[in-house]
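Subject: Structure for you to look at

Hello,

Here is the structure I said I would pass on. Please open it next to this email; my notes on its aromatic rings follow below.

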Amino acid sequence: MILRTGCMLASLVVAVMTGPVGTRASGPSLRPPEEERFDNTEFRSGLLSRDLRNLLEYYKRTRPPAPRGPDAALLHREELMAVYQDDSRPAAERVAALEEAMAVLENVAREYPDPPQAWRWRLQLGKDLLFRRAEPYYNNILYRGWTEAEGDFLAELTTRAEDAFLELLEEINGFLTRVDDMSLAEFRRVERTGLLKIADTVRPQAEYFLQWSRFYRVLARVDNDARQKALLRDIIEYLERNSEYVTAPHDETGVQAQSLLLVGMCRRLIGDYQQAGERLVQARNLVNNLSAERARPVRWVYILAQLELAKLARDAGHFALTRQVTSALEQWRQENMPDNFALALAVALVEGDVRLREARLAREEGRHEEADRLQGEARRPLLSLLRAWPAHQGDVFRTFAALVDPEADPASMDALERNAVMADLLGKVAALRADSDRSAAEAAGEQIRRHLQRVLEVGRYALADESSLGVDMRPFALFNVAVSHYQLGQPAEAVEHFARVVEEYPDFSRSATALDYAVRIAADYYAQDPSTSDPRRLTTLVRALGVLDAVQPDSDQARYWRYYLAEALTRLGRRREAAETFARVPVGSDNYCPARYQEAVQRWAVFRALPEEATADEKRRCLDDAVASASRCLDALATALAEDAETAEAHDLQTYQAGALLLLAEAHLEPELNQPRYALEVLQGFDERYAGQTELLGHAWRLRILAHQALGQLEEASRIVDLYLEREPGAAGPVMDQLLRSLTQEARRLRDAGRPYDAAAAQALDLARKLYDWARAHPQLLGKVSAESFRVRLAGAHLMAGDYERALQLVSQVLPKEQSSRGDEPVNVDALAYQAEALYQLGRYEDAQPVFYRLWSMHPEGSDAWWQSLLRSLQCHTEMDSSPQRIVSEIRRLRYMRPDLGGPGLKTQFDRLEQINAQRAATSAGGRRP
């Protein structure tokens with residue numbers, strides 16, 4: 001419902017027509033006049049209208065309806081009407097209550113047919129049908145435009161109302177005919193009952209309302225055929241024949257303004273523009289000249305008269321006059337009804353329609369450039385409305401969608417039409433979700449899917465539209481495309497489009513909503529599998545949280561999510577961004593201390609990942625950042641531990657503290673700082689403070705060894721391990737194991753970076769021998785770790801140190817003698833990898849290649865080990881003089897599928913291998929095939 005027209009008559013007519021519905025079944029009342037003035041129905045209606053339900057319940061208990069007669073039914077109707085008039089209830093519930101209330105009234109009139117109550121009930125039934133149930137449909141047609149569905153509903157309802165009025169008139173006219181045939185004595189007896197007076201007032205009201213009902217029935221059809229025009233002329237003749245409707249002062253009758261309006265609208269529809277304009281101007285001016293109190297109930301007459309004048313000028317081709325009238329109406333709205341969106345929409349629709357007609361006329365006259373300009377301007381009034389009334393954007397789109405063919409080719413639609421169709425389809429989806437029960441869920445689901453796919457189809461055209469209107473409408477299209485992706489179960493695509501709304505159109509009325517949706521959808525998508533290695537979930541989360549952090553950095557929501565954004569960046573390997581994000585986690589956050597620690601870890605990782613060719617300044621800057629972060633972390637942890645020393649979180653805080661100390665010590669061992677004595681100072685007392693954290697202790701022992709080595713204290717470095725073995729032999733194994741892992745990683749890092757690693761490899765080998773001896777001496781302490789795993793560790797140390805024969809001997813003791821080419825039997829993967837690498841380094845390429853191939857097939861696709869095995873396999877083929885063309889083709893295929901080729905280090909080796917084989921192919925036409 002856009003404009004509340006209310007009843008069409010007031011004062012003289014309305015006072016009679018809208019009086020309370022009677023409750024007596026037959027004949028005039030014999031109650032005293034003072035009792036006659038009190039009406040139960042009116043009193044109950046008054047209590048309901050004022051929401052005095054407690055008082056109503058008390059009144060019903062003390063004055064219950066009569067056990068016989070219509071009282072109980074009419075009381076139920078009043079309660080139903082109270083539901084209908086409650087604007088806070090859902091529209092469907094209100095309409096259902098009105099339908100039931102009308103059915104109650106119809107039944108009462110049928111069961112108790114005697115006048116005058118039955119006359120009033122039938123009159124009220126017609127009014128309910130016409131001015132309540134049908135009102136939304138004729139309002140939409142009068143103020144917005146005709147649609148087939150609304151026309152069908154309106155035709156049905158006005159026909160029912162017309163039947164009610166005609167049935168009432170037939171009964172009253174029959175009664176008056178019988179009165180004409182009565183004797184004088186009978187006439188006077190009937191006259192004393194008051195029925196004649198009631199008949200003489202109810203009949204003209206029914207006739208008057210019948211004219212409105214017929215007008216709306218004509219309005220429900222657009223064909224405007226001869227029968228409809230004849231009916232419109234009948235309405236005009238009735239009102240002008242009974243000239244008091246259009247000539248008697250409105251202050252006396254209360255119906256002059258409405259009657260002039262009705263005549264004017266009827267004359268416009270039959271094409272009598274001159275007289276239509278005269279009547280409409282009369283109606284408009286009449287309302288303007290009424291006092292404020294008298295004008296308020298008929299302001300709708302002024303509004304509708306102005307709209308009809310605008311349409312009249314438009315239909316007559318007087319476009320300048322149309323704009324003048326609509327401009328005056330818009331100014332009046334701003335002054336008198338500034339919050340009335342419906343009127344603003346009605347004016348915008350007329351203004352847009354005028355521009356479209358001007359464009360068509362210009363095109364017919366060959367003024368194509370002017371036509372294009374006017375065509376573009378035709379949607380501007382509605383676009384302005386969308387911006388000025390963000391809360392009513394759905395109403396604008398739904399209104400306009402009703403005037404567009406939803407099945408049309410999207411390429412033939414303009415930007416507003418596309419967005420209107422998209423919004424309307426999403427509205428239908430919402431209705432289907434709300435209305436479908438279990439039995440209809442499957443069918444509804446398929447229909448919903450089709451609607452959403454159609455939104456995406458139309459949306460593709462909307463987002464590609466580069467016209468000025470298309471660009472202006474793009475945020476609406478982006479938002480609705482995002483909604484459709486989400487409802488189709490495509491969260492990543494939904495987040496991307498919501499994020500674009502926020503980034504590209506920050507002033508768009510729904511940007512805040514888009515941001516909220518993006519964050520919630522991304523968080524839910526990630527939460528479905530938070531341990532996943534699927535980068536899509538992580539990148540979706542980073543996309544949403546990154547936009548949030550960029551546009552609302554100081555909001556509570558951004559502060560909350562910042563830590564999780566940094567975590568996701570870390571998992572994606574974007575360590576520099578992660579460090580900067582961790583650094584901005586605010587003091588007071590639940591994750592403040594973890595963020596300080598993770599900032600230091602990520603800054604350290606950035607430094608460690610610097611390429612060898614990085615400048616000295618860049619290396620020193622990154623190292624200083626890591627050291628400063630670790631120092632800040634330790635300060636924050638000291639404060640937190642002082643406050644929470646006895647809490648359950650203290651253990652985690654101590655772990656962070658230990659990690660930061662290790663990072664600080666290791667950083668000072670780097671050549672850029674080269675402060676091994678400081679590293680030893682940092683680690684002073686580490687074993688006692690963090691005695692239970694085996695992995696950290698092993699790391700600390702490794703750093704001490706490196707520090708002593710840097711100071712030239714090699715015996716001290718060796719003695720550390722021996723002392724630890726002597727002091728705590730039972731606990732030394734796990735610590736040495738962790739230390740061996742650290743030393744091996746360090747040697748591998750130095751090797752991969754092209755730096756000397758012989759000393760680190762020698763230390764690792766020495767420690768591996770001691771660990772192997774310890775394992776054989778303490779079998780009872782091994783637990784679930786088998787003795788052969790230490791043999792494999794020793795083999796790896798020999799391999800790192802370049803003793804390939806010894807490495808091969810050790811792994812041969814672990815691996816089965818006969819290995820299946822299918823690789824489906826249990827096998828120690830590390831041993832297999834060491835065997836393959838040892839064979840490769842010994843130049844036994846034909847033996848190594850099948851093992852690398854087996855390793856490649858065992859590892860998850862895309863993993864580091866998968867890439868490394870594949871590289872070595874191709875390197876073996878190259879050394880075996882296999883077909884260079886096949887090797888080059890395979891590398892190029894891999895690059896096409898995965899351009900990163902496993903990362904910078906591996907990519908460099910793949911590129912070099914491709915170059916070698918390309919040169920081989922250029923100089924040789926043959927070679928064995930891989």
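The charged end of arginine 94 lies over the ring of tyrosine 84, at 5.2 Å from the ring centre. There is another case at tryptophan 701, where the charged end of arginine 704 sits over the ring, 5.5 Å from its centre. Please keep in mind that this is a predicted model.

Next, the rings that pair with each other. A pair of aromatic rings is described by two values, the distance of the centres and the angle of the planes. Searching the whole structure gives 33 aromatic pairs. One of them joins tyrosine 208 and phenylalanine 209: the centres are 6.3 Å apart and the planes stand at 65 degrees, so this pair is edge-to-face. The cut-off behind that label is an angle over 60 degrees. Tyrosine 208 has 0% relative accessibility and therefore counts as buried. Phenylalanine 209, also at 0% relative accessibility, counts as buried too.

A further edge-to-face pair is made by tryptophan 561 and tyrosine 564, with centres 5.8 Å apart and planes at 70 degrees. Both residues belong to helix H30, which covers residues 556-571. They are 3 residues apart there, about one turn of the helix. Tyrosine 564 has a relative accessible area of 28%, so it is partly exposed; to count as buried, a residue must be under 20%.

Regards

Methods. Residues are numbered from 1 along each chain as its sequence is written. This is a predicted model: local features need pLDDT of at least 70, side-chain atom pairs count only at pLDDT 80 or more; totals for chains, interfaces and linings use all residues. Side-chain values use heavy atoms; hydrogens and water are left out. Rings of Phe, Tyr and Trp (its six-membered ring) pair if their centres lie within 6.5 Å; planes under 30 degrees apart count as stacked, over 60 as edge-to-face and the rest as tilted. Buried means under 20% relative accessible area, exposed over 50%, partly exposed in between (1.4 Å probe, protein chains only). Helices (H or I, at least four residues) and strands (E, at least two) are DSSP runs, numbered from the N terminus. A charge sits over a ring if NZ of Lys or CZ of Arg is within 6 Å of the ring centre and within 35 degrees of the ring normal.
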